[in-house]
Amino acid sequence: MKLHEYQARDILEKYGIPVTGGGVASTPAEARAIAEQIGGRVVVKAQVFVGGRGKAGGVKLADTPEQAEQVAGQILGMDIKGLTVEKVLVAEAISYEKEIYLGVVMDRASKRIVLMASSEGGVEIEEVAKTNPDAIVKVAADPTLGLQPFQARELAFGIGLTDGKQARQFASIATALYKAYMDTDASLAEINPLVVLPGGALQALDSKIVLDDSALFRHADLEAMRDSSDEPEAEQQAR
């Protein structure tokens, strides 16, 4: 079961991972109200289960609450690759210096949970694997002990985060993402990008979580997040 970006963002925040301020809106008026609460520039992002939202016009910046209301009106109801946009995430627009990738996934070959990090964030990790595989650093969590602190630090140093404070924050975020993955019985949890702010701190800018359908009976709260309107008809029938 896929979660929308705003739902994944809420889970990350619950686990102490720094995220951008914002909220989800179903109407232009709600988008304006959220923008007023944030103050300053915001980004309005379509919430649909497909990539390429930006190229399709589903991600727009707004300098004022009035503009946020206007662009939300343009995005809501939009068709993106056959899916109708019913919600938008209105989030603080931030400046940053670098994009990083961080993800947790089950490696079917080794049957181990693997954490992956790359200094080339902001693009699909599959694309990085094709064009520059050496930019991806991986560690496998111990089946019994889980992710160890030294492994989280290895990831940080492996992608060039040599500043001690920054490396410690990255290790903390990696540990929190691993815990979120385990606690929710996810099949994928990723932050892409995890950005480096001008002062050196790290913040999750976009995230994706996919839950294991077979484990949802243990998570009524997560099952309640299901958005069937964005699922293919064949997938709904199979469930």
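What covers the buried residues of H5? I started my notes with that one.

**Ground rules.** I'm working from a predicted model, where local features need pLDDT of at least 70 and side-chain atom pairs count only at pLDDT 80 or more, while totals for chains, interfaces and linings use all residues. Residues are numbered from 1 along each chain as its sequence is written, and side-chain values use heavy atoms, with hydrogens and water left out.

**Helix H5.** I looked up H5 at residues 149-158 and found Gln 151, Ala 152, Leu 155 and Ala 156 as its buried residues (buried is under 20% relative accessible area, with a 1.4 Å probe and protein chains only). Down the axis of H5 they fall within an arc of 145°, so they line one face of the helix; the arc is that of the directions from the helix axis to the C-beta atoms. As for my opening question, the cover includes strands S7 (98-107), S8 (112-118) and S9 (136-140), plus helix H6 (164-183). Just after H5, I noted that Gly 160 has a positive phi of about 90°.

**Whole chain.** I get eight helices and 12 strands for the protein chain (DSSP runs, H or I of at least four residues for helices, E of at least two for strands, numbered from the N terminus). The C-alpha trace spans about 50 × 45 × 35 Å along its principal axes. Buried residues are 46% of the 239. I also checked contacts (heavy atoms within 4.5 Å): of those with a separation of 6 or more, 60% join residues 24 or more positions apart.

Methods: Buried < 20%, exposed > 50% of the residue type's maximum accessible area, 1.4 Å probe, protein only.
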